[in-house]
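Subject: Structure handover

Hello,

Here is the structure I promised to pass on. Please open it before reading further.

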Amino acid sequence: MIKIKALHKNFGNLEVLRGVNISINHGEVVSILGGSGSGKSTLIRCINGLEKVTSGSITVDEYDVADKKQLLNVRKKCSTVFQQFDLYPHLSVLDNITLAPINVLGEKKIEANKVGLKLLESVGILEKANNYPAQLSGGEKQRAGICRALAMKPDYLLLDEVTSSLDPEMTAEVLGILKNLSGKGITMIFVTHEIEFAREISNRIVFLDEGVILKDLSKEHFFSAEGGCLEPRIKKFLSKMDKNNG
Amino acid sequence: MGYNNEGFSIYDLQLLIEGLGVSVWIFLVSTIIGLLLGCFIGLVRFYRIPILAQVLMVLSEFLKNSPVLVQLFLVYFGIPALFAIDISPFQAAVITLSGNTASFVAIIVISSIEAIDKRQLDAARSFAFSEVQIMKCVIFPQSLSLAMPLLVSLAINQLQVTSLISVIGVVDITRVGDIINQRTFEPFIVWPIIGLTYFILAKVIATVGSLLEEKYSAYRMVNKL
């Protein structure tokens, strides 16, 4: 369970998160929606300690993110998939996937490779195992990024706008894979603009606006007429996004 | 016209080879020490370790921005005067060249680490690597690919700089040239040969360097599909 209490995050004088409270249970698939600058990426970066919180607390299961020693345990439980993929360019796709399992979890190389190849096969890029990231298309890179995250056998998957750098075709590739993942017991937290996708796979929607949670509702409730749409800010956001998505 | 080279003897060749050995040896020793020391200074400054980072910065700025010959005199004449110990020309040469090389290596180390996208740090941190593992597995291999061409040109430059140590009496190849020249008065034979020797050494370094460069940059050179 991830528990976030009274979370504040400032960058200098800029208040990005202004008192966020949220608990996420095991197995939930949560989408965090919000406009640019609403603080949604910052929120996800606070969960695995990539950003230091200004005040408030975050715990992942029994571990406190603010505690330096416990942070490594938090990070072993949470894997992140990044918007810009951020694969290690100097390593082959397979080595990208096995680097952390070998060095952090202490897995044997032969075992880690086996798992890595199986993951690559499951996302349809087995033949790219020995290529460098620079030889992959964007969609393939992000599929490799997902494999890298899954290889750590995380309890929580943090997905930070994972399709924002991809064209619609590649977006569909990646979302298809993530859809397969949901419902397999892994807790997923999406930061996304893909409203349709959020509607399709998540069971809970959190709408963030100017650093505070505007609505935190089940999917059904959020998209119903008496749910999220009662909030004018959300109504505007949804109608804009619907227009953009055709 | 015509000149005779009766002044030359087979022993000159032996002397030349010995001098070459001294030059190469001093170059290798001071380059290795310089590399290690430079990496250390670079990392201390990159991690902004208090006090040590500032002290090393002042020191390496001094080494970078003053003539090597002046540094050499300072070490050779200064250390014995200051600490009342004897120091051989060879030791003075190694100390000076190591320190000088280190100050340049430090800059290369810092800039090539800082040139790596900060998102690589985030990615590695998010997977629970320790800071040492991040450096070793993620940042250093990428930095090395950027640093390699700079390190190779630094090495070639430092090879030429070793000729300065002849001034304090180290019998390196330049000093050997001087000795032979004094005896034979054949500067247009002696100095081209000495120059050519440095040239060949530099070419060897460049060749080794480009092989290393190729190795560490392979991932950046792959054809994009």
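Predicted model: local features only at pLDDT ≥ 70, side-chain atom pairs only at ≥ 80, totals over all residues.

**Cores.** The largest nonpolar core has 88 residues. Seven of its members touch the most other members: Ile32(A), Ile47(A), Cys147(A), Leu158(A), Leu159(A), Ile189(A) and Phe190(A). Helix H6 of chain B, residues 131-161, gives the most to this core, with seven residues. A second core is separate and has 14 residues. Val75(B), Val94(B), Leu164(B) and Ile165(B) are among them.

Take Phe190(A) as an example. Leaving aside residues up to four places away in sequence, Phe190(A) touches Val30(A), Ser31(A), Ile32(A), Leu159(A), Ala198(A) and Ser202(A).

**Where the chains meet.** Chain A puts 21 residues into the contact, and chain B puts in 18 residues. On the chain A side, helix H2 (68-77), strand S6 (78-81) and helix H3 (93-103) each supply at least two residues. That side of chain A has eleven nonpolar, seven polar and three charged residues.

**A helix pair in chain B.** How do H7(B) and H8(B) run relative to each other? Helix H7 (residues 173-184) and helix H8 (residues 187-221) of chain B pack at an angle of about 170 degrees. Angles over 145 count as roughly antiparallel, so H7(B) and H8(B) are roughly antiparallel to each other. Their axes are 9 Å apart. H7(B) contributes residues including Ile173(B), Gly177(B) and Ile180(B). From H8(B) come residues including Pro187(B), Trp191(B) and Ile194(B). By class, this contact has six nonpolar, five polar and no charged residues.

Best wishes

Technical notes
Residues numbered from 1 in each chain as written. Chains lettered and ligands numbered in written order. Core = buried A, V, L, I, M, F, W, Y, C linked by C-beta atoms within 7 Å. Buried ≥ 20, exposed ≤ 12 C-beta atoms within 10 Å, placed from the backbone. Helix = DSSP H or I, 4+ residues; strand = E, 2+ residues; numbered from the N terminus. Contact = placed C-beta atoms within 7 Å. Nonpolar A, V, L, I, M, F, W, Y, C, P; charged D, E, K, R; others polar. Axes fitted to C-alpha atoms, helices over the stretch in contact; angles between N-to-C directions. Parallel < 35°, antiparallel > 145°, perpendicular 65-115°, else oblique.
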